[in-house]
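Welcome! Take your time and look up each residue as it comes along.

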2 protein chains.
Amino acid sequence: MRQMSAPAPSAASPAAPAFSPLYQQIKSLIIQRLQAGEWKAGEAIPSEQELAARFGVSQGTVRKAIDEMAAEKLVVRRQGKGTFVATHAEQEVRYRFLRLVPDEGEAEGKLGRQLLDCQRQRAPAWIAKQLQMRAGDAMIEVRRLLHSKGRPIVLDDIWLPGALFKGLTLEKLEQHRGPFYGFFEAEYGVHMIRAEEKIRAVAADTESAALLDVPVGTPLLSVERLSFTYGDRPVELRRGLYHTEAHYYRNELN
Amino acid sequence: MRQMSAPAPSAASPAAPAFSPLYQQIKSLIIQRLQAGEWKAGEAIPSEQELAARFGVSQGTVRKAIDEMAAEKLVVRRQGKGTFVATHAEQEVRYRFLRLVPDEGEAEGKLGRQLLDCQRQRAPAWIAKQLQMRAGDAMIEVRRLLHSKGRPIVLDDIWLPGALFKGLTLEKLEQHRGPFYGFFEAEYGVHMIRAEEKIRAVAADTESAALLDVPVGTPLLSVERLSFTYGDRPVELRRGLYHTEAHYYRNELN
DNA sequence: GAGTGGTCTAGACCACACT
DNA sequence: GTGTGGTCTAGACCACTCC
């Protein structure tokens, strides 16, 4: 592989220079292979030496590519062992995207899970738009409650593209233990690597109030999350209603 | 400077190995100088070559130290020009810590600012604890409103340690244009480099409802922010109440 | 001991900004 | 042109894991 240089001025390339450093190109190639499922979640990818040989670049260049991927949490480095495809199934990073923390005792204990519903539907326009599908396309909706110390804390409404999650049923979800994202990786090869959340304060309506066991009108945190897989493809939309009486949403600003 | 190696087994060092890579030591040294105010906000720090010579290490080692500092936004690299002390005063990063976004039109227009109050007080226990001071120590409280398109959106209550912000008055705050954090840097040498937020949904009480021009009981986002300067020293506590009818709090998960 | 990632070095060359 | 950060290389050695 050779450094891509700036286009010659005489060449017919009116717009994008399409230039990028070697290590970025290497990074893209590795991500392509990740996306293709060449290595499964939790497995080791080839060593830096081997990748360097394979791509015909120095180890330092591969290293810089992998450094960025580690920073983006696409992979995890382990000294002496290798570099591994990141997974939501591991103990340390379970509920990586859940920022809800109890007021007392930093470490949230085990969360109880109660599945309410799992239906095949046609995507309404506002959901289809965010998931980059067409209105009316097949979509799966899952609803569930999370409990902490026996009390309902989170009411989640989850929407998934039907094309990616063929055969997903309530039974399958119930059989699986642990977070959904670990299940999605193992069962459908869909890795959530990044998400955007829109947070608002709303009042509980009659249905959510009943499910969360609070009076109608109670202020709740509405958390709308759009999750992305490789290549910035949106693959999940969910809206959570959080009861923040004894919990809070924790965020770090840098 | 030489690599600090693991302690000899015979030496009397029962606990902490106190080992760290060279580039981490360099990073600490540079941060110490930042903290000491050797270079002011927005100024250039010495070139990588010069720092390497000064510390007696290779340029690559200094580079790695500065890479981390750039990732933590302590410093900003500019190719061809140099490396600069990060500042909240620059146009691009103003309101770096404010995550509130209007529903329509990603780019928040100019925010109107209305100062309500600035008082010297004694810190109550719950504030003193978070700011790592003693209850009863001198503290400054500032209250303000932020407006968007003429409507009040944010009600902020800000608490600062009196010892660090001597002579801060309502008049001084009013004279200054732009975000508080730029003002704090320029006037008091206090750089906010990181913050933690605790977010909940609450109901507007009579006072906040009046100030934000909403009915009592309206769900509001309560955002409690603890900001830190170098060395993880907490130097500001604020609580904001956000009206999220036409705005939302945007967050990115990685 | 062999294999992996982690650190450090020295030097070459490129891209960019100022003057 | 000079000086800055940005990329790439090649090689040495260290730290950790597993056999």
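What follows is a briefing on how two chains meet, how they are related, and what can be found inside one of them.

This is a predicted model. Chain A and chain B bury about 2700 Å² between them, and chain A can be laid on chain B with an RMSD of 0.1 Å. Let's go through the topics one by one.

**How the two chains meet**

- The contact draws on 31 residues of chain A and 30 residues of chain B.
- A:R200, A:L253 and A:N254 together supply 26% of the area that chain A buries against chain B, more than any other three residues.
- The size of an interface is often given as the accessible area lost when the parts come together.
- Of the roughly 2700 Å² buried between chain A and chain B, 49% lies on carbon and sulfur atoms.

**Charges and polar contacts across the interface**

- Side chains of opposite charge can pair when their charged atoms come close.
- There are six salt bridges between chain A and chain B.
- A salt bridge joins the side chains of A:R194 and B:E252, with 4.0 Å from N to O.
- Polar contacts are found too: 17 residue pairs make them across the interface of chain A and chain B.
- Which elements give two or more residues to the side of chain A that touches chain B? They are β8 (194-203), β9 (219-229) and β11 (247-253) of chain A.
- β8(A) gives the most to this side, with ten residues.
- By type, the residues on the side of chain A that touches chain B are 14 nonpolar, four polar and 13 charged.

**Strands that pair between the chains**

- Strands of a sheet pair through backbone hydrogen bonds, either parallel or antiparallel.
- β11(A) and strand β8 (residues 194-203) of chain B run antiparallel and are joined by five bridges.
- To find a spot on β8(B), look for B:K198, which stands opposite A:R250.

**How the copies are related**

**Inside chain A**

- In chain A, three strands make an open sheet in the order β1-β3-β2, with antiparallel pairing.
- β1 (44-45) and β2 (75-78) of chain A are at the edges and have a single partner strand each, so one side of each is left without a neighbour in the sheet.
- Two bridges connect β1(A) with strand β3 (residues 82-85) of chain A, and these strands run antiparallel.
- A:A44 has A:F84 in β3(A) as its bridge partner.
- Over all chains, the structure holds 44 salt bridges.
- A:K172 and A:E187 form a salt bridge, their closest N and O atoms being 3.8 Å apart.
- This pair links distant parts of the chain, 15 residues apart: A:K172 is in helix α5 (residues 170-175) of chain A and A:E187 is in helix α6 (residues 180-188) of chain A.

Key
Residues numbered from 1 in each chain as written. Chains lettered and ligands numbered in written order. Predicted model: local features only at pLDDT ≥ 70, side-chain atom pairs only at ≥ 80, totals over all residues. Heavy atoms only, no water. Contact = heavy atoms within 4.5 Å. Buried area = accessible area lost by both parts, 1.4 Å probe. Polar contact = N/O pair within 3.5 Å; in protein donor to acceptor, adjacent residues only side chain to side chain. Helix = DSSP H or I, 4+ residues; strand = E, 2+ residues; numbered from the N terminus. Nonpolar A, V, L, I, M, F, W, Y, C, P; charged D, E, K, R; others polar. Pairing = 2+ DSSP bridges. Least-squares fit on C-alpha atoms with pLDDT ≥ 70 in both.
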